[in-house]
Amino acid sequence: MPAVTVENPLTLPRVAAPVAAHARPVLAVATAPSGFEGEGFPVRRAFAGIDYQHLDPFIMMDQMGEVEYAPGEAKGTPWHPHRGFETVTYLLDGTFVHRDSHGGGGVINDGDTQWMTAGSGLLHIEAPPESLVMSGGLFHGLQLWVNLPKSDKMMAPRYQDIGGGQVKLLTSGDGGALLRLIAGDLDGHNGPGITHTPITMMHVTVNPGAELTLPWRKDFNALAYALAGRGSAGAEGRPFRMGQSVVFGAGDSVTIRADESQESRSPNFEVVLLGGLPIREPMMHYGPFVMNTHAELAQAFEDFQAGRLGTIPADGH
């Protein structure tokens, strides 16, 4: 990590710190609990314990790994359904293969993003390729769930494969931070991800001792999650580190800083920054289904059992 970088960030377009902006204060810092997902790969639940009013339109985010697999150890997920939201899988290290019952899917590698709009529903599977299972190796990534408004929940499923080379690379005014804009807009620059719910998603690398202040839409919420290293957030310098999330309050700029001293295994402060336009509709979440009412959840489960979300391909892979 990081998978996508440049030798000299000063050659990139710069995002200037906004003048006379109202800095967003830090409302809370939450530590992600650890667990296991699918067939047993380790995850950190980044947003556990954070009130949904601060997350909307995001539902959850898992940091998958970072884990070094021995030969034969790499694991994925079995076939499973989704309806009513989008999954965004961002891979930092390793390789993952995705397939779904609507014919979508592909292979994502270091720095790639897979954007799957489940919409009306599908079945899908995520697994390491046979080569990684045989050889072992490093695996590290994120999966983010983004809600869809009621008007889009039953839209046709869609798949976007965003290669690492497609992300918009930017830097801070002094070159002390590298920004990878995956989706949304920032200071007139646009990421490649096509979103139904207006959001901004980026992965930033902040050099030791550097500070990053970015303009932020007033009508968006703002969240930060530390993938590696340590630093602080907000004008008040609230400390946070790997495995912790920051909830920002109202304002039109966000600030993060990297501590002068970082871990030897991660020389920089690695942070995911997220913001989105709240949907402000009832959100009912049960397993792989995200709907507006209990009746819609029951219908999703019934449709899944009846095979109306798709069927597993004959080869089962």
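**Note on the predicted model**

1. Proline 57 lies in the loop between helix 1 and strand 5. Most residues other than glycine have a negative phi, and most peptide bonds are trans.

2. Aspartate 187 is not a glycine, yet its phi is positive, at about 55°. Aspartate 187 sits in the loop between strand 16 (185-186) and strand 17 (189-190). Its relative accessible area is 41%, so aspartate 187 is partly exposed. Arginine 280, also not a glycine, has a positive phi of about 55°. The loop that holds arginine 280 runs between strand 25 and strand 26 (284-286). Arginine 280 counts as exposed because its relative accessibility is 68%, and the cut-off for exposed is over 50%.

3. Is threonine 171 buried or exposed? Threonine 171 is buried, with a relative accessible area of 0%. It belongs to strand 14 (residues 168-172). The side chain of threonine 171 reaches the backbone oxygen of alanine 177 at 2.7 Å. With neighbours within four places in sequence left aside, the contacts of threonine 171 include Pro9, Leu12, Pro13, Arg14 and Val15, and also Gly176, Ala177 and Leu179.

4. The largest nonpolar core has 31 residues. Phe47, Phe58, Met61, Leu144 and Leu274 have the most contacts inside it. Among the elements that give two or more residues to this core are strand 5 (58-69), strand 7 (85-93), strand 12 (137-147) and strand 25. Methionine 61 touches Phe47, Leu144 and Leu274, among others, when neighbours within four places in sequence are left aside. Its contacts also include Arg44, Arg45, Gln143 and Tyr225. A second, separate core has 28 residues, including Val26, Leu179, Trp216 and Phe248. In soluble globular proteins, nonpolar side chains tend to be buried together.

5. How many aromatic pairs does a search of the whole structure find? The search finds four. In one of these pairs, the ring centres of phenylalanine 240 and phenylalanine 269 are 5.1 Å apart and the planes are at 65°, so the pair is edge-to-face. Phenylalanine 240 is in strand 22 (residues 238-241) and phenylalanine 269 is in strand 25 (residues 269-276), so the pair ties together parts that are 29 residues apart in sequence. Phenylalanine 240 is buried, at a relative accessible area of 2%, and phenylalanine 269 counts as buried at 0%.

6. The second largest pocket holds about 180 Å³ of space. It is lined by 14 residues, of which Arg24, Gln53, Phe220, Asn221 and Phe248 are the closest to its centre. Helix 1 (52-55) and strand 23 (244-248) are the elements that give two or more residues to the lining. Phe248 is also included in the second core.

7. Glycine 310 is found in the segment after helix 3 (294-305). With a relative accessible area of 23%, glycine 310 is partly exposed. Glycine 310 and proline 81 are 229 residues apart in sequence, while their C-alpha atoms are 8.7 Å apart in space. Not counting residues up to four places away in sequence, glycine 310 touches Ser101 and Leu123.

Key:
Residues numbered from 1 in each chain as written. Predicted model: local features only at pLDDT ≥ 70, side-chain atom pairs only at ≥ 80, totals over all residues. Heavy atoms only, no water. Helix = DSSP H or I, 4+ residues; strand = E, 2+ residues; numbered from the N terminus. Buried < 20%, exposed > 50% of the residue type's maximum accessible area, 1.4 Å probe, protein only. Polar contact = N/O pair within 3.5 Å; in protein donor to acceptor, adjacent residues only side chain to side chain. Contact = heavy atoms within 4.5 Å. Phe/Tyr/Trp six-rings, centres within 6.5 Å; stacked < 30°, edge-to-face > 60°. Core = buried A, V, L, I, M, F, W, Y, C linked by side-chain atoms within 4.5 Å. 1 Å grid on protein atoms, 1.4 Å probe; cavity = no way out; pocket = protein on both sides within 12 Å on 5 of 7 lines; lining within 4 Å. Points joined across faces, edges and corners; volume = space filled by probe spheres on them.
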